[in-house]
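Welcome to a short tour of a protein model.

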Amino acid sequence: MKEEQFDQIYQWVDVRFMEKILRQSEKDTSIAVSDVFIRAATAKGDNYTSDMFRVTVEYSRLNDRERIEQKKTVIVKVEPIIEGPHKDLIVMSNIFTTEMNMMSLTLPKMNEILGSRNPLNGRGLFVQREKPVMLVVEDLAPLGFRMADRQAGLDMDHCLLAIRGLARFHASSVALCEKEPEQKQRYNQGLFHKDRPFEMRAFFIEGTKQLAREAANWPELDPKYSEKISRLADKIYERGIEAAICREDEFNVINHGDFWVNNMLFKYDDEGRPIEHIFVDFQMCTYTSPALDLNYFFSTSVGDDLLAEHEGTLLAEYRRCLGQTLARSGCRTEPPSIDELKMSVRQRATYGMIASFTLLPIMLQNKDEAKDLAEIIDPKGRMDNPAYRTEAFKKAMRRRLPVFERMGLLD
(Lines give C-alpha, C1' and ligand atoms only; values in the text may rest on other atoms or scores of the structure.)
Protein backbone atom coordinates (compact mmCIF):
# COMPACT_ATOMS: atom_id res chain seq x y z
CA MET A 1 0.00 0.00 0.00
CA LYS A 2 1.07 3.56 -0.65
CA GLU A 3 2.37 5.78 2.14
CA GLU A 4 -0.51 8.20 1.51
CA GLN A 5 -3.00 5.48 2.47
CA PHE A 6 -1.28 4.81 5.78
CA ASP A 7 -0.98 8.52 6.56
CA GLN A 8 -4.74 8.88 6.16
CA ILE A 9 -5.75 5.77 8.09
CA TYR A 10 -3.53 6.73 11.04
CA GLN A 11 -5.35 10.08 11.19
CA TRP A 12 -8.72 8.35 11.43
CA VAL A 13 -7.96 5.17 13.37
CA ASP A 14 -6.15 6.44 16.42
CA VAL A 15 -6.13 5.60 20.14
CA ARG A 16 -9.30 7.55 20.91
CA PHE A 17 -11.20 6.03 17.96
CA MET A 18 -10.31 2.45 18.88
CA GLU A 19 -11.04 3.04 22.55
CA LYS A 20 -14.57 4.14 21.64
CA ILE A 21 -15.11 1.08 19.45
CA LEU A 22 -13.76 -1.43 21.98
CA ARG A 23 -15.74 0.06 24.85
CA GLN A 24 -18.87 -0.15 22.72
CA SER A 25 -18.31 -3.63 21.24
CA GLU A 26 -17.03 -5.20 24.50
CA LYS A 27 -19.59 -3.33 26.63
CA ASP A 28 -16.83 -2.31 29.00
CA THR A 29 -16.20 1.36 29.83
CA SER A 30 -13.05 0.48 31.79
CA ILE A 31 -11.12 -0.21 28.57
CA ALA A 32 -8.20 2.17 28.03
CA VAL A 33 -6.29 1.91 24.74
CA SER A 34 -2.57 2.66 24.97
CA ASP A 35 -1.38 2.09 21.37
CA VAL A 36 -2.52 1.24 17.85
CA PHE A 37 -0.52 -0.46 15.09
CA ILE A 38 -1.75 -0.66 11.49
CA ARG A 39 -0.69 -2.78 8.52
CA ALA A 40 -2.22 -3.87 5.22
CA ALA A 41 -4.73 -6.72 5.59
CA THR A 42 -4.62 -7.96 1.99
CA ALA A 43 -2.06 -8.37 -0.77
CA LYS A 44 -2.27 -6.61 -4.11
CA GLY A 45 -4.88 -8.27 -6.31
CA ASP A 46 -6.81 -9.80 -3.40
CA ASN A 47 -9.31 -6.97 -2.99
CA TYR A 48 -10.41 -4.31 -5.49
CA THR A 49 -13.32 -2.60 -3.77
CA SER A 50 -11.88 -1.22 -0.52
CA ASP A 51 -8.69 -0.44 1.35
CA MET A 52 -8.32 -3.01 4.13
CA PHE A 53 -6.15 -2.72 7.22
CA ARG A 54 -5.41 -5.04 10.12
CA VAL A 55 -5.29 -2.95 13.30
CA THR A 56 -3.59 -4.27 16.44
CA VAL A 57 -4.82 -2.56 19.59
CA GLU A 58 -2.97 -2.64 22.92
CA TYR A 59 -5.27 -1.85 25.83
CA SER A 60 -6.03 -2.53 29.47
CA ARG A 61 -9.28 -3.22 31.33
CA LEU A 62 -10.38 -3.67 34.93
CA ASN A 63 -10.81 -7.20 36.23
CA ASP A 64 -11.74 -7.48 39.92
CA ARG A 65 -10.26 -4.02 40.53
CA GLU A 66 -7.02 -5.06 38.90
CA ARG A 67 -6.07 -3.61 35.53
CA ILE A 68 -4.94 -6.28 33.06
CA GLU A 69 -3.12 -5.72 29.78
CA GLN A 70 -4.60 -7.19 26.59
CA LYS A 71 -4.15 -7.11 22.83
CA LYS A 72 -6.70 -7.45 20.04
CA THR A 73 -6.77 -7.20 16.23
CA VAL A 74 -9.62 -5.93 14.09
CA ILE A 75 -10.12 -5.36 10.38
CA VAL A 76 -10.89 -1.85 9.14
CA LYS A 77 -12.40 -1.53 5.65
CA VAL A 78 -12.39 1.96 4.15
CA GLU A 79 -13.63 3.34 0.86
CA PRO A 80 -10.55 3.76 -1.39
CA ILE A 81 -8.45 6.59 0.01
CA ILE A 82 -6.42 7.81 -2.99
CA GLU A 83 -8.29 10.13 -5.35
CA GLY A 84 -8.80 8.88 -8.90
CA PRO A 85 -11.03 6.77 -11.16
CA HIS A 86 -10.85 3.75 -8.83
CA LYS A 87 -12.18 5.73 -5.86
CA ASP A 88 -14.82 7.40 -8.04
CA LEU A 89 -16.06 4.00 -9.21
CA ILE A 90 -16.46 2.61 -5.69
CA VAL A 91 -18.14 5.76 -4.34
CA MET A 92 -20.58 6.00 -7.27
CA SER A 93 -21.43 2.31 -7.02
CA ASN A 94 -22.60 2.77 -3.41
CA ILE A 95 -21.43 -0.75 -2.60
CA PHE A 96 -20.27 0.23 0.89
CA THR A 97 -23.89 1.01 1.80
CA THR A 98 -24.81 -2.53 0.77
CA GLU A 99 -22.15 -4.04 3.02
CA MET A 100 -22.96 -1.80 5.96
CA ASN A 101 -26.64 -2.69 5.66
CA MET A 102 -25.79 -6.40 5.53
CA MET A 103 -23.48 -6.21 8.53
CA SER A 104 -25.75 -4.07 10.72
CA LEU A 105 -29.33 -4.76 9.58
CA THR A 106 -29.47 -8.18 7.93
CA LEU A 107 -26.74 -10.67 8.85
CA PRO A 108 -27.31 -10.41 12.63
CA LYS A 109 -30.94 -11.45 12.04
CA MET A 110 -29.95 -14.24 9.64
CA ASN A 111 -27.53 -15.58 12.25
CA GLU A 112 -30.24 -15.35 14.91
CA ILE A 113 -32.59 -17.40 12.69
CA LEU A 114 -29.92 -20.08 12.25
CA GLY A 115 -29.27 -20.14 15.99
CA SER A 116 -25.99 -21.88 15.31
CA ARG A 117 -22.61 -21.82 16.96
CA ASN A 118 -21.18 -21.37 13.45
CA PRO A 119 -22.16 -17.85 12.36
CA LEU A 120 -22.22 -16.85 8.71
CA ASN A 121 -19.79 -13.97 9.22
CA GLY A 122 -17.43 -12.26 11.61
CA ARG A 123 -18.98 -9.79 14.02
CA GLY A 124 -19.46 -6.22 12.86
CA LEU A 125 -18.05 -3.81 15.45
CA PHE A 126 -18.63 -0.35 14.01
CA VAL A 127 -20.21 1.34 10.99
CA GLN A 128 -19.42 4.89 9.88
CA ARG A 129 -21.57 6.12 7.00
CA GLU A 130 -20.05 9.60 6.80
CA LYS A 131 -16.65 10.39 5.32
CA PRO A 132 -14.47 8.55 5.82
CA VAL A 133 -16.93 5.73 5.12
CA MET A 134 -15.62 2.71 7.00
CA LEU A 135 -16.52 -0.58 8.58
CA VAL A 136 -14.74 -2.22 11.52
CA VAL A 137 -15.18 -5.97 11.78
CA GLU A 138 -13.88 -8.86 13.85
CA ASP A 139 -10.54 -10.25 12.70
CA LEU A 140 -11.13 -13.93 11.99
CA ALA A 141 -7.43 -14.89 11.75
CA PRO A 142 -6.94 -15.27 15.55
CA LEU A 143 -9.93 -17.65 15.50
CA GLY A 144 -8.07 -19.93 13.10
CA PHE A 145 -9.69 -18.89 9.82
CA ARG A 146 -7.62 -18.30 6.70
CA MET A 147 -8.03 -17.95 2.95
CA ALA A 148 -7.67 -21.00 0.71
CA ASP A 149 -5.28 -20.98 -2.26
CA ARG A 150 -7.15 -19.14 -5.00
CA GLN A 151 -4.83 -20.40 -7.76
CA ALA A 152 -5.26 -24.07 -6.87
CA GLY A 153 -9.06 -23.95 -6.81
CA LEU A 154 -11.06 -25.68 -4.10
CA ASP A 155 -10.98 -29.43 -3.65
CA MET A 156 -14.10 -31.45 -2.82
CA ASP A 157 -13.81 -31.05 0.95
CA HIS A 158 -13.62 -27.26 0.62
CA CYS A 159 -16.42 -27.21 -1.98
CA LEU A 160 -18.80 -29.19 0.22
CA LEU A 161 -18.22 -26.88 3.19
CA ALA A 162 -18.69 -23.81 0.97
CA ILE A 163 -21.87 -25.11 -0.68
CA ARG A 164 -23.40 -26.00 2.70
CA GLY A 165 -22.52 -22.54 3.97
CA LEU A 166 -24.15 -21.01 0.90
CA ALA A 167 -27.32 -23.06 1.44
CA ARG A 168 -27.52 -21.86 5.06
CA PHE A 169 -26.92 -18.26 3.95
CA HIS A 170 -29.67 -18.47 1.32
CA ALA A 171 -32.18 -20.30 3.53
CA SER A 172 -31.79 -17.88 6.44
CA SER A 173 -32.31 -14.98 4.03
CA VAL A 174 -35.59 -16.54 2.85
CA ALA A 175 -36.75 -16.92 6.44
CA LEU A 176 -35.83 -13.30 7.19
CA CYS A 177 -37.57 -11.96 4.07
CA GLU A 178 -40.75 -13.82 5.05
CA LYS A 179 -40.73 -11.94 8.36
CA GLU A 180 -39.41 -8.63 6.96
CA PRO A 181 -40.27 -8.27 3.25
CA GLU A 182 -38.56 -4.86 3.20
CA GLN A 183 -35.20 -6.65 3.40
CA LYS A 184 -35.57 -7.58 -0.28
CA GLN A 185 -35.59 -3.94 -1.32
CA ARG A 186 -32.24 -3.22 0.32
CA TYR A 187 -30.41 -5.57 -2.05
CA ASN A 188 -31.67 -4.92 -5.57
CA GLN A 189 -28.53 -4.21 -7.59
CA GLY A 190 -25.57 -6.58 -7.23
CA LEU A 191 -22.86 -6.66 -9.91
CA PHE A 192 -25.25 -6.14 -12.82
CA HIS A 193 -27.96 -3.48 -12.79
CA LYS A 194 -29.13 -0.76 -15.17
CA ASP A 195 -28.30 1.95 -12.61
CA ARG A 196 -24.68 0.94 -12.09
CA PRO A 197 -22.16 3.60 -13.20
CA PHE A 198 -20.45 3.35 -16.58
CA GLU A 199 -17.12 2.65 -14.90
CA MET A 200 -18.46 -0.62 -13.48
CA ARG A 201 -19.85 -1.63 -16.87
CA ALA A 202 -16.49 -0.78 -18.43
CA PHE A 203 -14.67 -3.32 -16.25
CA PHE A 204 -16.68 -6.17 -17.80
CA ILE A 205 -16.72 -4.73 -21.32
CA GLU A 206 -12.98 -4.05 -21.41
CA GLY A 207 -12.17 -7.39 -19.80
CA THR A 208 -14.17 -9.18 -22.49
CA LYS A 209 -12.42 -7.17 -25.20
CA GLN A 210 -9.02 -8.13 -23.79
CA LEU A 211 -10.06 -11.78 -23.81
CA ALA A 212 -10.98 -11.45 -27.49
CA ARG A 213 -7.58 -9.91 -28.27
CA GLU A 214 -5.69 -12.58 -26.33
CA ALA A 215 -7.71 -15.49 -27.76
CA ALA A 216 -6.85 -14.32 -31.29
CA ASN A 217 -3.21 -15.15 -30.47
CA TRP A 218 -3.91 -18.69 -29.27
CA PRO A 219 -3.10 -20.78 -32.39
CA GLU A 220 -4.72 -23.93 -31.04
CA LEU A 221 -8.07 -22.12 -30.73
CA ASP A 222 -10.45 -21.69 -33.67
CA PRO A 223 -10.47 -17.98 -34.71
CA LYS A 224 -14.29 -17.99 -34.53
CA TYR A 225 -14.12 -17.78 -30.73
CA SER A 226 -12.15 -14.55 -30.71
CA GLU A 227 -14.53 -13.09 -33.28
CA LYS A 228 -17.63 -14.08 -31.33
CA ILE A 229 -16.23 -12.75 -28.04
CA SER A 230 -15.30 -9.48 -29.73
CA ARG A 231 -18.85 -9.05 -31.05
CA LEU A 232 -20.25 -9.90 -27.64
CA ALA A 233 -18.08 -7.45 -25.67
CA ASP A 234 -20.20 -4.30 -26.00
CA LYS A 235 -23.32 -6.29 -25.01
CA ILE A 236 -21.76 -8.26 -22.18
CA TYR A 237 -23.01 -6.05 -19.35
CA GLU A 238 -26.58 -6.13 -20.66
CA ARG A 239 -26.32 -9.93 -20.83
CA GLY A 240 -25.29 -9.86 -17.18
CA ILE A 241 -28.33 -7.72 -16.30
CA GLU A 242 -30.59 -10.22 -18.07
CA ALA A 243 -29.02 -13.16 -16.24
CA ALA A 244 -29.29 -11.44 -12.84
CA ILE A 245 -32.87 -10.18 -13.07
CA CYS A 246 -35.22 -11.17 -10.26
CA ARG A 247 -38.35 -13.01 -11.39
CA GLU A 248 -41.13 -13.14 -8.82
CA ASP A 249 -42.36 -16.55 -10.00
CA GLU A 250 -39.00 -18.15 -9.08
CA PHE A 251 -37.40 -19.18 -5.81
CA ASN A 252 -35.34 -16.16 -4.73
CA VAL A 253 -32.83 -15.46 -1.97
CA ILE A 254 -30.39 -12.79 -0.87
CA ASN A 255 -27.30 -13.81 -2.85
CA HIS A 256 -23.84 -13.13 -1.48
CA GLY A 257 -23.17 -11.75 -4.96
CA ASP A 258 -19.38 -12.21 -4.98
CA PHE A 259 -19.12 -15.82 -3.82
CA TRP A 260 -15.62 -16.88 -4.79
CA VAL A 261 -12.59 -18.25 -2.99
CA ASN A 262 -11.26 -14.84 -1.88
CA ASN A 263 -14.52 -14.00 -0.10
CA MET A 264 -14.62 -17.03 2.16
CA LEU A 265 -12.35 -18.28 4.93
CA PHE A 266 -11.80 -21.80 6.28
CA LYS A 267 -10.71 -23.27 9.58
CA TYR A 268 -8.63 -26.48 9.53
CA ASP A 269 -8.03 -29.44 11.85
CA ASP A 270 -4.61 -30.70 12.90
CA GLU A 271 -4.34 -32.80 9.72
CA GLY A 272 -5.01 -29.76 7.52
CA ARG A 273 -8.57 -30.74 6.60
CA PRO A 274 -11.13 -27.91 6.36
CA ILE A 275 -13.74 -28.14 9.13
CA GLU A 276 -15.47 -24.72 9.13
CA HIS A 277 -16.40 -22.11 6.52
CA ILE A 278 -17.29 -18.43 6.96
CA PHE A 279 -18.23 -15.56 4.61
CA VAL A 280 -16.53 -12.18 4.21
CA ASP A 281 -17.21 -9.14 1.99
CA PHE A 282 -20.90 -8.33 1.45
CA GLN A 283 -20.72 -5.44 -1.02
CA MET A 284 -22.51 -7.15 -3.93
CA CYS A 285 -25.46 -8.82 -2.17
CA THR A 286 -28.58 -8.98 -4.31
CA TYR A 287 -32.06 -10.51 -4.03
CA THR A 288 -32.70 -12.86 -6.95
CA SER A 289 -32.27 -16.51 -7.99
CA PRO A 290 -29.65 -18.54 -6.08
CA ALA A 291 -28.40 -19.63 -9.51
CA LEU A 292 -26.28 -16.45 -9.50
CA ASP A 293 -24.16 -17.50 -6.54
CA LEU A 294 -24.00 -21.09 -7.78
CA ASN A 295 -22.85 -20.16 -11.31
CA TYR A 296 -20.36 -17.64 -9.95
CA PHE A 297 -18.89 -20.13 -7.50
CA PHE A 298 -18.63 -22.92 -10.08
CA SER A 299 -16.94 -20.62 -12.60
CA THR A 300 -14.39 -18.95 -10.31
CA SER A 301 -13.57 -21.33 -7.49
CA VAL A 302 -14.05 -24.95 -8.59
CA GLY A 303 -11.56 -26.65 -10.91
CA ASP A 304 -12.92 -27.76 -14.30
CA ASP A 305 -12.15 -31.44 -13.69
CA LEU A 306 -13.83 -31.48 -10.30
CA LEU A 307 -16.86 -29.57 -11.61
CA ALA A 308 -17.27 -31.90 -14.60
CA GLU A 309 -17.34 -34.90 -12.29
CA HIS A 310 -19.15 -33.52 -9.25
CA GLU A 311 -21.44 -30.61 -10.26
CA GLY A 312 -24.50 -32.84 -9.69
CA THR A 313 -23.19 -33.87 -6.28
CA LEU A 314 -22.60 -30.26 -5.24
CA LEU A 315 -26.06 -29.16 -6.42
CA ALA A 316 -27.68 -32.09 -4.61
CA GLU A 317 -25.83 -31.23 -1.38
CA TYR A 318 -26.85 -27.57 -1.75
CA ARG A 319 -30.49 -28.61 -2.27
CA ARG A 320 -30.41 -31.01 0.71
CA CYS A 321 -28.94 -28.43 3.09
CA LEU A 322 -31.22 -25.67 1.75
CA GLY A 323 -34.37 -27.73 2.32
CA GLN A 324 -33.21 -28.84 5.74
CA THR A 325 -32.43 -25.28 6.88
CA LEU A 326 -35.70 -23.89 5.48
CA ALA A 327 -37.63 -26.52 7.41
CA ARG A 328 -35.71 -25.89 10.65
CA SER A 329 -36.35 -22.15 10.27
CA GLY A 330 -40.11 -22.69 9.96
CA CYS A 331 -40.28 -21.24 6.46
CA ARG A 332 -43.50 -21.32 4.46
CA THR A 333 -41.48 -21.10 1.23
CA GLU A 334 -40.78 -24.45 -0.41
CA PRO A 335 -37.29 -25.07 -1.85
CA PRO A 336 -36.94 -25.74 -5.57
CA SER A 337 -36.74 -29.36 -6.68
CA ILE A 338 -33.35 -30.57 -7.86
CA ASP A 339 -34.61 -30.44 -11.46
CA GLU A 340 -35.87 -26.88 -11.01
CA LEU A 341 -32.54 -25.92 -9.50
CA LYS A 342 -30.57 -27.43 -12.38
CA MET A 343 -32.83 -25.64 -14.88
CA SER A 344 -32.34 -22.30 -13.13
CA VAL A 345 -28.55 -22.74 -13.14
CA ARG A 346 -28.66 -23.57 -16.86
CA GLN A 347 -30.94 -20.64 -17.70
CA ARG A 348 -28.58 -18.20 -15.97
CA ALA A 349 -25.35 -19.79 -17.20
CA THR A 350 -24.39 -16.49 -18.86
CA TYR A 351 -23.58 -15.23 -15.38
CA GLY A 352 -20.93 -17.91 -14.96
CA MET A 353 -19.57 -17.25 -18.44
CA ILE A 354 -19.08 -13.54 -17.66
CA ALA A 355 -17.31 -14.48 -14.43
CA SER A 356 -15.03 -16.77 -16.47
CA PHE A 357 -14.24 -13.94 -18.91
CA THR A 358 -13.50 -11.24 -16.35
CA LEU A 359 -12.88 -12.63 -12.86
CA LEU A 360 -11.29 -16.02 -13.43
CA PRO A 361 -8.05 -14.44 -14.78
CA ILE A 362 -7.70 -12.52 -11.50
CA MET A 363 -8.15 -15.71 -9.54
CA LEU A 364 -5.58 -17.65 -11.55
CA GLN A 365 -2.84 -15.01 -11.76
CA ASN A 366 0.42 -15.38 -9.87
CA LYS A 367 0.34 -13.38 -6.66
CA ASP A 368 3.69 -11.69 -7.36
CA GLU A 369 2.33 -10.45 -10.71
CA ALA A 370 -0.99 -9.12 -9.41
CA LYS A 371 -1.99 -5.57 -10.36
CA ASP A 372 -4.52 -3.18 -8.90
CA LEU A 373 -7.25 -1.54 -11.01
CA ALA A 374 -5.28 1.65 -11.58
CA GLU A 375 -2.45 -0.38 -13.12
CA ILE A 376 -4.54 -2.51 -15.49
CA ILE A 377 -6.82 0.22 -16.89
CA ASP A 378 -5.12 2.98 -18.88
CA PRO A 379 -6.33 6.64 -18.95
CA LYS A 380 -8.44 5.89 -22.04
CA GLY A 381 -10.24 3.09 -20.21
CA ARG A 382 -8.65 0.18 -22.10
CA MET A 383 -7.69 -2.85 -20.02
CA ASP A 384 -4.33 -4.59 -20.26
CA ASN A 385 -4.19 -7.15 -17.47
CA PRO A 386 -1.31 -9.66 -17.62
CA ALA A 387 -3.59 -12.12 -15.81
CA TYR A 388 -5.20 -12.87 -19.20
CA ARG A 389 -1.88 -14.18 -20.48
CA THR A 390 -1.23 -16.85 -17.85
CA GLU A 391 -1.07 -20.46 -18.98
CA ALA A 392 -3.62 -21.45 -16.34
CA PHE A 393 -6.21 -19.02 -17.73
CA LYS A 394 -5.51 -20.04 -21.34
CA LYS A 395 -5.99 -23.69 -20.42
CA ALA A 396 -9.28 -22.98 -18.66
CA MET A 397 -10.67 -20.92 -21.53
CA ARG A 398 -9.64 -23.44 -24.18
CA ARG A 399 -11.79 -25.95 -22.30
CA ARG A 400 -14.71 -23.64 -21.51
CA LEU A 401 -15.22 -21.74 -24.77
CA PRO A 402 -16.45 -24.78 -26.74
CA VAL A 403 -18.88 -25.50 -23.89
CA PHE A 404 -20.18 -21.93 -23.93
CA GLU A 405 -20.65 -22.18 -27.70
CA ARG A 406 -22.59 -25.46 -27.47
CA MET A 407 -24.86 -23.77 -24.92
CA GLY A 408 -25.45 -20.88 -27.33
CA LEU A 409 -23.99 -18.30 -24.96
CA LEU A 410 -21.53 -16.75 -27.45
CA ASP A 411 -24.18 -15.76 -29.99
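Predicted model: local features only at pLDDT ≥ 70, side-chain atom pairs only at ≥ 80, totals over all residues.

A residue counts as buried when its relative accessible area is under 20%.

**Aromatic pairs**

Counting ring pairs whose centres lie within 6.5 Å, the model has 16 aromatic pairs. Two of them are set out here.

| Pair | Arrangement | Centre to centre | Angle between planes |
|---|---|---|---|
| Phe169 and Phe282 | stacked | 6.4 Å | 5 degrees |
| Phe204 and Tyr237 | tilted | 6.0 Å | 45 degrees |

Phe169 belongs to helix 5 (residues 156-179), while Phe282 sits in the loop between strand 9 (274-279) and strand 10 (286-288), so this pair ties together parts 113 residues apart in sequence. Both Phe169 and Phe282 are buried. They also belong to a cluster linked by ring pairs, together with Phe259, Phe279, Phe297 and Phe298.

**Helix 7 and its neighbour**

How do helix 7 and helix 8 pack, and at what angle? Their axes are 8 Å apart, at an angle of about 165 degrees, with helix 8 covering residues 223-233. Because of this angle, helix 7 is roughly antiparallel to helix 8. The crossing of helix 7 past helix 8 is left-handed. On the helix 7 side, the contact residues include Ile205, Leu211 and Ala215, and on the helix 8 side they include Ile229 and Ala233. The residues of this contact comprise 6 nonpolar, 3 polar and 1 charged.

How values were computed:
Residues numbered from 1 in each chain as written. Heavy atoms only, no water. Phe/Tyr/Trp six-rings, centres within 6.5 Å; stacked < 30°, edge-to-face > 60°. Helix = DSSP H or I, 4+ residues; strand = E, 2+ residues; numbered from the N terminus. Buried < 20%, exposed > 50% of the residue type's maximum accessible area, 1.4 Å probe, protein only. Axes fitted to C-alpha atoms, helices over the stretch in contact; angles between N-to-C directions. Parallel < 35°, antiparallel > 145°, perpendicular 65-115°, else oblique. Left-handed = near helix turned anticlockwise from the far one by under 90°. Contact = heavy atoms within 4.5 Å. Nonpolar A, V, L, I, M, F, W, Y, C, P; charged D, E, K, R; others polar.
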